[in-house]
Amino acid sequence: MSQTPIKQNFSVTFTYQLYFTEHLFNIENPLFKTVVEGYKTHTRLKVLFVIDHGVERAHPELRNSIVNYCKSHSECLEYTASLVIPGGEVCKNDPEAVQTVLRAINEEHIDRHSFVVAIGGGAIIDMAGYAAAIAHRGVKLIRIPTTVLSQNDSAVGVKNSVNSFEKKNFLGTFAPPYAIINDTVFLHTLEQRDWIAGIAEAIKVALIKDRAFFEYLEGNAEGLKNREMIPMEYVIYKCAEMHMHHIAQGGDPFENGSSRPLDFGHWAAHKMEQMSNYELRHGEAVAKGIALDMVYAHLTGLVSETVLNRILNVMKAIGFDLRIPVSTDQEMDTLLLGIQEFQEHLGGELCITLISEIGVKHDVNSISYDTMKRAITELNHTYLN
């Protein structure tokens with residue numbers, strides 16, 4: 001007997017906030033306590049900390065500060081443990097890292113009304129967020145990003161992931177954090193390459209969305225390279241604001257479609273990271289990927305050589321090495337496999353974001369491999385010489 005299908009529609013509202021502070025775990029700074037107790041004020045809330053080992057090395061007082069902070073605010077915070085885990089792509093490539101976090105969630109009885117607090121760069125935040133999202137089908141996550149790239153881009157989104165099958169972000173979830181807290185103190189101890197790398201995501205979002213922001217980056221390139229805090233704080237704030245606005249207002253927060261403008265330059269970036277055994281920082285690879293796609297856009301008539309050189313000059317002035325790390329035909333072919341892998345990750349038809357002018361994105365649904373090979377050659381041997 002034929003039966004009428006049962007259909008039901010429902011919607012879920014997600015709300016999360018990005019906070020800005022300095023010296024977050026100073027006992028006299030109320031922000032962390034206020035953020036946590038804002039969830040549930042009638043009980044003490046358990047907190048489990050996952051700390052990037054590089055952050056702990058640069059800030060050896062951090063764990064004691066966290067413990068003392070929680071003790072000082074024990075009316076609402078119940079400290080459980082601090083895990084220190086190797087950061088960078090190592091933690092996203094090592095399944096044991098996720099198991100370590102899951103084991104602690106289980107042993108410390110972290111439930112859906114408790115918090116995992118991830119402190120570190122984008123990789124630690126991705127990995128810990130993935131563990132939090134799959135434990136009990138989701139425990140609360142607070143992100144405390146410590147690099148430029150994570151403060152302006154990766155930590156402010158709604159995705160969590162680890163690498164598998166030699167593919168970046170093959171396993172992951174869409175799970176918005178409860179909150180993100182940017183503490184400028186962590187920026188002062190970054191290596192120079194990490195300071196610069198995160199600016200790639202600001203260049204990306206400026207090129208596809210905001211000409212005036214690109215002009216700000218252009219005008220402050222030297223100050224950014226020289227670690228001036230005022231322009232960096234503005235760049236982080238503006239980039240994060242644009243990223244979060246795109247998630248909320250772009251119409252596809254969980255990427256059900258095929259267009260991902262925020263992944264401009266990323267098809268090549270992801271593949272170059274994998275080819276380098278993740279010695280390349282994500283932001284370094286993104287810069288190279290943007291430069292490559294800009295040369296391709298020029299070769300296909302989308303942008304003028306004047307616009308191309310203007311963009312490349314800004315990136316070089318900030319300090320990026322834009323050379324594509326391929327030296328043989330085999331390496332070039334391996335890199336171009338990233339286009340197919342990018343499509344598989346998206347699903348549906350291929351959709352690569354380029355630009356037609358500064359601040360205006362332009363999606364294409366096919367890539368000429370011969371032209372892309374020419375773009376690699378011309379970037380390396382013409383535009384960077």
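**A buried helix and its surroundings**

A: In helix H9, the buried residues are Ile199, Ala200, Glu201, Ala202, Ile203, Lys204, Val205, Ala206, Leu207 and Ile208. Buried here means under 20% relative accessible area, exposed means over 50%, and partly exposed is in between, with a 1.4 Å probe and protein chains only. Helices (H or I, at least four residues) and strands (E, at least two) are DSSP runs, numbered from the N terminus. The model is predicted: local features need pLDDT of at least 70, side-chain atom pairs count only at pLDDT 80 or more, and totals for chains, interfaces and linings use all residues. Residues are numbered from 1 along each chain as its sequence is written, and side-chain values use heavy atoms, with hydrogens and water left out.

H9 is largely enclosed by the rest of the structure, because 10 of its 11 residues are buried. One partner of H9 (residues 199-209) is helix H12 (residues 229-249): the two axes come within 10 Å and cross at roughly 55 degrees. Axes are lines fitted to C-alpha atoms, for helices over the stretch in contact, and angles run from 0 to 180 degrees between N-to-C directions. H9 and H12 are therefore oblique to each other; angles under 35 degrees count as roughly parallel, over 145 as roughly antiparallel, 65 to 115 as roughly perpendicular, and the rest as oblique. Their crossing is left-handed, a term that applies if the near helix is turned anticlockwise from the far one by less than a right angle, with right-handed if clockwise.

On the H9 side the contact involves Ile199, Glu201, Ala202, Val205 and Lys209, which meet Met232, Val235, Cys239, Met242 and His246 of H12. The residues of this contact divide into 7 nonpolar, 1 polar and 2 charged. Contact means heavy atoms within 4.5 Å. Ala, Val, Leu, Ile, Met, Phe, Trp, Tyr, Cys and Pro count as nonpolar, Asp, Glu, Lys and Arg as charged, and the others, Gly among them, as polar.

Helix H10 (residues 211-219) packs on helix H15 (residues 305-318) at an angle of about 50 degrees, with the axes 10 Å apart. That makes H10 oblique to H15. H10 supplies Arg211, Phe214, Glu215, Leu217 and Glu218 to the contact, and H15 supplies Arg310, Ile311 and Val314. Here the division is 4 nonpolar, no polar and 4 charged.

Next comes the sheet. Its 6 strands form an open sheet in the order S1-S8-S5-S4-S2-S3, with parallel pairing; two strands pair if DSSP finds at least two bridges between them. S1 and strand S3 (77-85) are the edge strands, each pairing on one side only. The twist averages 20 degrees from one strand to the next.

Strand S8 (residues 179-183) is mostly covered, with 5 of its 5 residues buried. Ala179, Ile181 and Asp183 point one way from S8, while Ile180 and Asn182 point the other way. In a regular strand the side chains alternate between the two faces of the sheet. S8 runs parallel to strand S1 (residues 17-21), to which 5 bridges join it, and Phe20 stands opposite Asn182 in S8. Strand S5 (residues 140-145) is also parallel to S8, with 2 bridges; Ile142 has Ala179 of S8 as its bridge partner.

S5 in turn pairs with strand S4 (residues 115-120) in the parallel sense, over 6 bridges, and Phe115 stands opposite Lys140 in S5. Helix H5 (residues 95-107) lies across strand S2 (45-52), S3 and S4, and runs at about 160 degrees to S3. Helix H6 also packs on the sheet, touching S2, S3, S4 and S5, and its direction makes about 165 degrees with that of S4.

Ala132 lies in H6 (residues 122-134), and it counts as buried at 1% relative accessibility. Leaving aside neighbours within four places in sequence, Ala132 is in contact with Ile105, Val116, Gly138, Val139 and Leu141. Gln99 belongs to H5 and is partly exposed, with a relative accessible area of 40%.

Two residues have backbone values to note. Phe165, which is not a glycine, has a positive phi near 55 degrees; Phe165 sits in the loop between strand S6 (159-164) and strand S7 (167-174) and counts as exposed at 63% relative accessibility. Asn169, also not a glycine, has a positive phi of about 60 degrees. Asn169 is in S7 and counts as buried at 18% relative accessibility.
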